[in-house]
Amino acid sequence: MKVSIIMGSTSDLNVMQAAMTTLEEFGIEYEKRVISAHRTPQFFSEYISKAEERGIGVVIAGAGGAAHLPGMAAAMTHLPVIGVPIQTQALGGMDSLLSIVQMPSGVPVATMAINGAKNAALYAVQIASLTEADVKEKLIEFRKKQAEKVLNATI
Ligand code: RP5
């Protein structure tokens, strides 16, 4: 399964990089693009409506402020969309969070925490693990190591 990582601006890249790094750790193929529901609406519409044809299984969409990118993506594809609210200077990311999480009934976006790009990738990994045995193995190993780290922590 291939993942599409989209973000509203190059200014989102610092946060969204964590999604890319995490997918790479799990050996999951992805494509990435800056694409804006507001600034490039026509291109956005073409890109998202053809995502499934390109072999995309999950869309991870990061956006800040009037963060319509994940919601509009969910409206235009049947693929699962994971939204990452980007922290903003003016309102700390509460604007992004509320914009992404408050989808109308019938068009869900799996909304992560503010700047939760790593978890977005892990959620995509979990979706991939339903059908890909090698990804499932890596996920089990990841969780095991994560638990060991906590159990071995000395304070
Ligand atoms: C949103 O507006 C982007 O996702 C970004 O988080 C925010 C600010 O964009 P820039 O003005 O930095 O390009 O569309």
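Let's start with Glu31: at a relative accessible area of 15%, this residue is buried, because buried means under 20%. Keep in mind that the model is a predicted one.

The structure holds two salt bridges, and here they are:

| Salt bridge | N to O distance |
|---|---|
| Lys2 and Glu31 | 3.7 Å |
| Arg54 and Glu31 | 2.8 Å |

What do these pairs tie together? Lys2 is in strand β1 (residues 2-7) and Glu31 is in strand β2 (residues 30-34), so their bridge links parts 29 residues apart in sequence. Arg54 comes from the loop between α2 (41-49) and β3, so its bridge to Glu31 in strand β2 links parts 23 residues apart in sequence. Through shared partners, the salt bridges join Lys2, Glu31 and Arg54 into one network.

The largest pocket has a volume of about 330 Å³. It is lined by 20 residues, and the closest to its centre are Gly8, Ser9, Asp12, Ala63 and Gly64. Helix α1 (13-25) and strand β3 (56-64) are the elements that each give two or more residues to this lining. By class, the lining splits into seven nonpolar, 11 polar and two charged residues.

The second largest pocket comes in at about 170 Å³. Helix α6 (residues 133-151) gives the most to its lining, with six residues. Among the lining residues are Lys118, Lys138, Glu141 and Phe142. Here the classes run to one nonpolar, one polar and five charged residues.

Terms used
Residues numbered from 1 in each chain as written. Predicted model: local features only at pLDDT ≥ 70, side-chain atom pairs only at ≥ 80, totals over all residues. Heavy atoms only, no water. 1 Å grid on protein atoms, 1.4 Å probe; cavity = no way out; pocket = protein on both sides within 12 Å on 5 of 7 lines; lining within 4 Å. Points joined across faces, edges and corners; volume = space filled by probe spheres on them. Helix = DSSP H or I, 4+ residues; strand = E, 2+ residues; numbered from the N terminus. Nonpolar A, V, L, I, M, F, W, Y, C, P; charged D, E, K, R; others polar. Salt bridge = Lys/Arg side-chain N within 4 Å of Asp/Glu carboxyl O. Buried < 20%, exposed > 50% of the residue type's maximum accessible area, 1.4 Å probe, protein only.
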